[in-house]
Amino acid sequence: MRNTTKLKILLQKYRITLDMDVDGQFTMLLTDKDTGSVFELEGKSYSIVIAKAYSHLLRVLKYPLEYQ
């Protein structure tokens, strides 16, 4: 699945803040639109961060009570 497709799916559930430090490390904050809970991800590339965020979303959808 392409990163743009994953991003569209993520944006349906989360507000996303994406940042990069001077060393090129990406940080993504996922803020749930319903509960307001925040989850932070880090990776060395945009693709890695998007993949981690998408995996997190799938876990949340599979086990919703663990992530509230």
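Lysine 6 lies in helix H1 (residues 3-13), where helices are DSSP runs of H or I with at least four residues and strands are runs of E with at least two, numbered from the N terminus. This is a predicted model, in which local features need pLDDT of at least 70 and side-chain atom pairs count only at pLDDT 80 or more, while totals for chains, interfaces and linings use all residues. Residues are numbered from 1 along each chain as its sequence is written, and side-chain values use heavy atoms, with hydrogens and water left out.

Lysine 6 is buried (under 20% relative accessible area, 1.4 Å probe, protein chains only). It has no salt bridge, a term for a side-chain nitrogen of Lys or Arg within 4 Å of a carboxyl oxygen of Asp or Glu. The nearest side chain of opposite charge, aspartate 32, is 19 Å away (Lys and Arg count as positive, Asp and Glu as negative; His and the chain ends are not counted). Beyond its neighbours within four places in sequence, lysine 6 is in contact (heavy atoms within 4.5 Å) with Met1, Ile50, Ala51 and Tyr54.

Aspartate 32 does find a partner: lysine 13 forms a salt bridge with it, the closest N and O atoms being 2.8 Å apart. Because lysine 13 lies in helix H1 and aspartate 32 in strand E2 (residues 26-32), the pair ties together parts 19 residues apart in sequence. Aspartate 32 is itself buried, at a relative accessible area of 6%.

Turning to H2, its buried residues are Val49, Ile50, Ala53, Tyr54, His56, Leu57 and Val60. They cover an arc of only 160° around the axis, which puts them on the same side of H2; the arc is that of the directions from the helix axis to the C-beta atoms. These buried residues pack against H1, strand E1 (14-20), E2 and strand E3 (38-43).

Definitions and conventions. Buried < 20%, exposed > 50% of the residue type's maximum accessible area, 1.4 Å probe, protein only.
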